[in-house]
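Subject: Structure handover

Hello,

Please find the structure below. Notes on what was found in it follow.

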Amino acid sequence: MIDREHDLPITKQAEVLNISRGSVYYLPRPVSAADLALMRRLDELHLEFAFAGSRMLRGLLAAEGCKVGRRHVKTLMRRMGIEALYRRPRTTKPEPGHKIYPYLLRGIQITRPNQVWAMDITYIPMARGFVYLAVVLDWASRRVLAWRLSITMEASFCVETLEDALARHGKPEIFNTDQGSQFTGAAFTGVLAKNDIAISMDGKGAWRDNVFVERLWRSVKYEEVYLRAYDGVSEARSSIARYLDFYNGRRPHSSLDGATPDHAYFTPAAHLRGSLTPAEAPLIEAENLFRQPGPPHLQSQTVWLPRS
């Protein structure tokens, strides 16, 4: 959102956007090669064992010959924006001034495009460094409506992704996210409220509430990201763009009776299940999500940390 080539000084731009000047000028410390390799492996383990917290992940790493402290695992998980996914008592408080909205999808039949959209963020490893991918997904057709890459998890790139989806595809009746601060802030929820879109938020740590986006992440990473070693953000952006074009336009989906998301989105009558509800359909998706092994090239991987 900051334009360094604009005539308006950066300090004034920061003031207008109500963000810290320090965050504009701050250059983050580079992540070591060992930590980048560790984060990549944590991402792979999280996809396969999404219920695993820092303690279990540390144990899984130790079984592979990597000795790392639980505190360091927790630090890297926070940086990556991942956490164990399971139902638990709500003991955390939202960000100050951020409103948490109720989950609206329980028991609702989702039978048509633009009835419900969902959005999430995931970590994308590169050869040197990493980025975050945000996606807006149409729940019924599984079609990716808009996406963005960012080097930070700030709310601004989520807002831009949302606005792009609205500009291209109209608006949904309900928009579902998790309770991340990017989605609970006024900048994001304000766009939804202005467009008269009902706001729905997952239960804290409830993987089933947004299982179709979790399924998308598994496809993106096993079929694209883990097969590459992006040299930089521009290469990651162009390669992911090619994959998402394939995902939308050519990749068949068993849940859509073999149709593509594009076909299901633009000609929905023949492909969308009439009984698709967040209370029932995710049970089928979840079995695939958590019980299917990863690709062979990841299952037997044991030596992955660079030697110093």
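Which residue lies over the face of Y265? R143 does, at 5.4 Å from the ring centre. A charge counts as sitting over a ring if NZ of Lys or CZ of Arg is within 6 Å of the ring centre and within 35 degrees of the ring normal.

Two points on conventions. This is a predicted model, in which local features need pLDDT of at least 70 and side-chain atom pairs count only at pLDDT 80 or more, while totals for chains, interfaces and linings use all residues. Residues are numbered from 1 along each chain as its sequence is written, and side-chain values use heavy atoms, with hydrogens and water left out.

Sheet

Helices (H or I, at least four residues) and strands (E, at least two) are DSSP runs, numbered from the N terminus. Five strands make an open sheet in the order β3-β2-β1-β4-β5, with mixed pairing; two strands pair if DSSP finds at least two bridges between them. The edges are β3 (144–150) and β5 (198–201), each with a single partner strand, so one side of each has no neighbour in the sheet. On average, neighbouring strands are turned by 20 degrees against each other, direction ignored. Axes here are lines fitted to C-alpha atoms, for helices over the stretch in contact, and angles run from 0 to 180 degrees between N-to-C directions. β2 and β3 run antiparallel and are joined by six bridges; V135 has W147 in β3 as its bridge partner.

Helix α6 (residues 155–169) packs on the sheet, where it touches β1, β2, β3 and β4 (174–177), and its direction makes about 155 degrees with that of β3. Contact means heavy atoms within 4.5 Å. α3 lies across β1 and β2 and runs at about 145 degrees to β1.

In α5 (residues 70–80), V73, L76, M77 and M80 are buried, that is, under 20% relative accessible area, with exposed meaning over 50% and partly exposed in between (1.4 Å probe, protein chains only). Seen down the axis, the buried residues of α5 fall within an arc of 105 degrees, so they line one face of the helix. The arc is that of the directions from the helix axis to the C-beta atoms. These residues pack against α3 (33–48), α4 (54–63), β1 (116–125) and β2 (130–138), whereas R71 and R78 are exposed on the other side of α5. G81 follows α5 and has a positive phi, near 80 degrees.

In α8 (residues 186–194), the buried residues are F188, T189, V191 and L192. They cover an arc of only 150 degrees around the axis, which puts them on the same side of α8. Their packing partners are β1, α6, β4, α7 (181–184) and β5. The face turned away from this buried side carries the exposed A186, A187 and K194. Just after α8, D196 takes a positive phi of about 55 degrees.

V213

V213 belongs to helix α9 (residues 211–223) and counts as buried at 1% relative accessibility. Leaving aside neighbours within four places in sequence, V213 is in contact with A118, D120 and L137. R142 is 71 residues from V213 in sequence and 8.4 Å away in space, C-alpha to C-alpha.

Aromatic rings

Rings of Phe, Tyr and Trp (its six-membered ring) pair if their centres lie within 6.5 Å; planes under 30 degrees apart count as stacked, over 60 as edge-to-face and the rest as tilted. This rule gives nine aromatic pairs. One of them is the tilted pair of Y123 and F130, with 5.4 Å centre to centre and 40 degrees between the planes; both residues are buried. W117, F175, F183 and F188 form one aromatic cluster.

Regards
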